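Biologist: Could you take me through one part of this model at close range? I would like to hear about the aromatic side chains and what surrounds them.

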Amino acid sequence: MMRRRFRVATAAALLFGFYMLVAGGVALWLLLLGVSLWLTVFTTRPAPVQLFLTCAGTAPLAVALAAAAYRTIFDTSDVPEEEVLVDSGQAPHLDRLVREVAAELGTEAPSAIRLTVDVNASVIETDTRFLGLGRGNRCLVIGLPLLVMLTQDQVRAVLAHELAHFSLGHSRARAFTRRLETSLEIAEDSFGRMGDANGLVRQYRGLPLLFAAGYQRFARLLTGATRRRQEEEADKEAVRLYGVDLFADALRAKADAALAWPAFRKAFLDPKRGLTGRRPDDPFRVFAMIVASPGMRACLARLRPSAASKPRSSACGEFHADFATRIKAARTAGTRTARPAAAHVCPEDLLPDVLYENDLDQLLPEGKGAQLMPWRDWVASVAQRRAARLVGALMDAVNDVSGGANDSVSLQQVTTLLDAGERMSLARALGSRLPHKHRRSDDPLSALVTAITALVSALLVSTRGATWQIDWTGGVTAEPADGTPSRDVRTWVEEAVLHPDRSTWLTFRLAEQGLDDRTPARRLPARSADDGKTAEDFVLAEVETSIPESTRHLVSVLRSATLSVIIGGVLLASVVSLTQGREWLRHDTTRSDTYTQPGGTGYGVGPTTQEPFPSWSPTLLPPTTDALLPPPSILSTPLLPKPLDMGPFASP
């Protein structure tokens, strides 16, 4: 109990210390502004222009720092932009699973569930009163990629770890540290955007940025050991409930999701790569289809060793130990036996039944503004695009090997070449017509398998009502109408290619599906009913280079505020100078150029009137003293030299 209170006290001290430093910084800015005004109004010195420029350049930074603190003092109930709130009606299976795990831990279930695209899960307390001193509402944040990649029991293990933070009382200190982290993140983001928008602010943002980064590092240094200890305690609770084996499987699956989701998002959801102006209405079910393909599993198997060798770049956060350390510590804390298997629930059933358009805009902002398509129609469009390229290349390869010039190809033509021992010739001819990314020098027959699978799938879809499936390797398959798994179709083709004597077996299996191997596949028509474009007409979307409306508004506000402070300071200095310092504008507009010698006689010009001197002209010097003038005898002596005595050479 004492240790828990110490953790809470440390987190509270860090938060209140930050607020005090923010108040001190704002007070320092106000003091600087007051000194500038005092020097201008109550003294006769010139206006302190440099001080006014400093106030103008630091004013937006002071406002941003105060706003970041104010935002977390009174309200932390707002949902971050990258998260969406779902209720039990949208995700009933997930809600029921969370309540079951909370009951097994003997703690209260969260009152809210938020979904995010981050490959992570966490628990927080929202709506905390009195700066975190009062209890708030429990909230669970879980990443949608985890609900796709993990089995139901693995999701249970992850939930047990997160909900254990509630049962062990870790969330009390987290309420303070979350406010502090949120304030520092908001401040750093505001400093960066304001400095980029205004050159004057950019000159003064270095010190505030250093303060925010330094204080965040200092806070993590003080709370890091405590946070790591809390994660270890939560791991032990998850192992106690479900066993170390299931917990280890959940960690490995979480690492797989951290590798697969960013790659899927870049390859399929990036508007510069996918269908121009279109996106699926449920991209996470498309992701589930992709990760279930055999090619994806093989790719993850190759990437796992690299993830294990670099634990800090894996799905674990910085307060978690690496996978090996977590598993080793967990084995000493619990049994190896897993809990009895629960009722089977397909991982896709944990996904929400529906995601609204505004939810997708928050989760995946890169596709904002694109037209929504039913995700199965979107998959069909992508699959047709791929199939057109693969079947077209296979058609040309068959013509090259057989010496024909047909505009169609049938499975019978392909199997005839395979039976004739031309599979390597066919593979080389096909490889020369495919992009480099579809070729494998170590296995040239893999591209041939992919192309023939695309041919078989296109025939099954067009004639037997099969459903398109896409995989990670760039190929396509079809799921027959009778429910045969799509991976079986690729397995049939692999058997026929790798073992030419089994080509007849492929024909028989397709005959069971009602497909005649003599049915020709022709090139796709000029336009498709799904997208109105040819498969080759898809172009890359142009990169968005315009400035967002929010940024443009911020730039205009900063410019107006900075200009107002500068103009106001200059006008104030001018008014004060005109009303209080008029003596320095006055000067004598007449002067005498007459010099009087001792004795009363003088020479020179008389008094003259000239234009007034400039206001910055120095005071006139007094008349020159007599000691500086030569005596009169010298002035009366002629200045011309005497003629030289030339003697006999003198001129007559």
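**The aromatic cluster**

Modeller: Phe-18, Tyr-19, Phe-211, Tyr-215 and Phe-218 come together as one aromatic cluster; rings of Phe, Tyr and Trp (its six-membered ring) pair if their centres lie within 6.5 Å, with planes under 30 degrees apart called stacked, over 60 edge-to-face and the rest tilted. Please keep in mind that this is a predicted model, where local features need pLDDT of at least 70, side-chain atom pairs count only at pLDDT 80 or more, and totals for chains, interfaces and linings use all residues. Residues are numbered from 1 along each chain as its sequence is written, and side-chain values use heavy atoms, leaving out hydrogens and water.

Searching the whole structure gives 10 aromatic pairs. In the pair of Phe-18 and Tyr-215, the ring centres are 5.8 Å apart and the planes meet at 50°, so this pair is tilted. The pair links distant parts of the chain, 197 residues apart: Phe-18 belongs to helix α1 and Tyr-215 to helix α8 (residues 206-242). Helices here are DSSP runs (H or I, at least four residues), numbered from the N terminus.

How covered are these two side chains? Phe-18 is buried, with a relative accessible area of 0%, and Tyr-215 also counts as buried because its relative accessibility is 10%. Buried means under 20% relative accessible area, exposed over 50%, and partly exposed in between (1.4 Å probe, protein chains only).

Helix α1 (residues 2-41) also contains Leu-28, which counts as exposed at 56% relative accessibility.

Conventions: Helices (H or I, at least four residues) and strands (E, at least two) are DSSP runs, numbered from the N terminus.
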